[in-house]
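User: I would like to learn how the features of a model such as this one are read. Please give the general idea each time, and then the case at hand.

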Amino acid sequence: MRARTQQGPRSSTRQQGGRRRRTVSAAAAMAIGVMTLAALTPPASSASAAVATARPDAVQQALNTLVRDDGMPAALASVKGRDGRTRTYTAGVGDLATGSKVPRGGQVRIGSNTKAFTAVVVLQLVGEGKIALDADIDTYLPGLVRGKGIDGRRITVRQLLQHTSGLPEYGLHIDDDELRHWYFEPRELLDIALRYKADAAPGEKWGYSNTNYLLAGLIVQKITGRPLAEEIDRRIIKRVGLRHTYFPTPGDKTIREPHPQGYHRNPADGPLRDFTEIDPSAGWAAGQLISTDSDLNRFFGALLAGRLLPAAQLAEMRTTVPVGDSGMRYGLGLTSRTLSCGGVYWGHGGDIPGYETRGGVTEDGRAVNVTVTSIPTDEAAVQHVKDAVDRALCG
């Protein structure tokens, strides 16, 4: 769930509430965001049947690189081009143990792309006059947010969605075993965050924190009187026909439809472990959704086309602040990045142990989402995922 632009995890070991909490890479990944494959890395698969060519195109070549050079077990992509046609791609294998094929259009955990869904629900409620962006958190959750340098009366809803609240990150204090097997109530996650001091004063600077979206989800539930999962399903998933997107129910560690297995390394130079089945509750409003590359393209396309928000709220969502010197800009649950061929694309992206997803849509309707089945652990691989998105949108 953690954005790539956030600083690396701090090293700490603490005993709290009877359970040991450590700052580790899996928790950090939840917060965006190998078994040596020399003998195991399979040959890249062919491009989609919709694009039967003797020589792989630029997108297929990019996915092949992620498998061959970066050790990704699998890579998938869905691309809607200037011609309006959708093409799907795969490379690698869906299961290292069996060598099975990567399911075309398979479901994956989408991590922090969930934040865009949560932000849309909040902004829909803004449009309905039920939430004010510049109201403080205490307006909706009175007395709940208090801590070291933390006061909910000084933090606005806008600052939550924009990551300018200064709130500390809860995900840094959840270890691998807890992440995979433990069910967390949202309030328990907030309690974890509030044990730590503020990272900055509200509005002082941009700083990615899943705690922001945890609180946004709690506000949605307080205002609507309904579970966040129901509101996302009713207001977004069913509205735009996302047939392969869902919010896992409590205790559901599986992925329902055909999917590639997801793998995780901790430490970064350690062996790959199968992390396909996890309890996703630590992600909740910040990172719990399961979807497909094609459904993400449909979601972001519908969002940018004005099918999910009134014009005023969409404009607020697209009002951005710089994210350091990364070249990325962050709005209200929506990012913009520049393209090598000119212009920008809008999306979010997400990391969760087992999967990384990157992509977005352009103003003229081009769309791409790329998934790899292990979070890249070096800068070359990170760049190659970005390159795959850029090639698809600029091709």
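**Reading the model, feature by feature**

Analyst: Lys238 counts as exposed, at 63% relative accessibility; buried means under 20% relative accessible area, exposed over 50%, and partly exposed in between (1.4 Å probe, protein chains only). The model is predicted, so local features need pLDDT of at least 70 and side-chain atom pairs count only at pLDDT 80 or more, whereas totals for chains, interfaces and linings use all residues. Residues are numbered from 1 along each chain as its sequence is written, and side-chain values use heavy atoms, with hydrogens and water left out.

User: With which residue does Asp233 form a salt bridge?

Analyst: A salt bridge is a side-chain nitrogen of Lys or Arg within 4 Å of a carboxyl oxygen of Asp or Glu. Asp233 forms one with Lys238, and their closest N and O atoms are 3.3 Å apart. Asp233 itself is partly exposed, with a relative accessible area of 24%, while Lys238 is exposed. Salt bridges with shared partners also join Glu128, Lys130, Glu231, Arg234 and Arg235 into one network.

User: How far apart are the closest N and O atoms of Arg234 and Glu231?

Analyst: Side chains of opposite charge can pair when their charged atoms come close. In the salt bridge between Arg234 and Glu231, the closest N and O atoms are 3.0 Å apart. The two residues are three apart in helix 8 (residues 228-237), so about one helical turn separates them. Glu231 is buried, with a relative accessible area of 4%.

User: Which residue meets Arg153 in a salt bridge, and how many salt bridges does the whole structure hold?

Analyst: The partner of Arg153 is Asp151, and their side chains meet at 2.8 Å, N to O. Asp151 is buried, at a relative accessible area of 17%. A search of the whole structure finds 18 salt bridges.

User: Where does Arg87 lie, and with which side chain does Arg87 make a polar contact?

Analyst: Strand 4 (residues 86-92) contains Arg87. A polar contact is a pair of N or O atoms within 3.5 Å; within protein, one must be able to donate a hydrogen and the other to accept it, and residues adjacent in sequence count only if both atoms are side-chain atoms. The side chain of Arg87 makes such a contact with the side chain of Asp83, at 2.9 Å. Arg87 is buried, with a relative accessible area of 16%.

User: How many helices and strands does the chain have?

Analyst: Helices (H or I, at least four residues) and strands (E, at least two) are DSSP runs, numbered from the N terminus. The chain comes to 12 helices and 17 strands. Of its 395 residues, 61% are buried.

User: Is the peptide bond from Asn266 to Pro267 cis or trans?

Analyst: Most residues other than glycine have a negative phi, and most peptide bonds are trans. The bond from Asn266 to Pro267 is cis, with omega near 10°. Pro267 sits in the loop between strand 8 (263-264) and strand 9 (273-274).

User: What is the phi of His163, and what is the phi of Trp284?

Analyst: His163 has a phi near 60°, a positive value in a residue other than glycine. This residue lies in the loop between helix 4 (157-162) and helix 5 (176-181), and His163 is buried, with a relative accessible area of 0%. For Trp284, phi is near 35°, again positive in a residue other than glycine. Trp284 belongs to helix 9 (residues 284-287) and is buried, with a relative accessible area of 9%.

User: What separation is found between the C-alpha atoms of Val220 and Lys130?

Analyst: These C-alpha atoms are separated by 9.7 Å, although Val220 and Lys130 are 90 residues apart along the chain. Val220 is part of helix 7 (residues 210-224) and is buried, at 0% relative accessibility.

User: Which residues line the second largest cavity?

Analyst: On a 1 Å grid over the protein atoms alone, a cavity is a set of points where a 1.4 Å probe fits but cannot get out, and lining residues have an atom within 4 Å of a point. The lining consists of Thr335, Arg337, Tyr345, Trp346, Gly347, His348, Gly349, Arg358 and Gly359.

Notes
1 Å grid on protein atoms, 1.4 Å probe; cavity = no way out; pocket = protein on both sides within 12 Å on 5 of 7 lines; lining within 4 Å.
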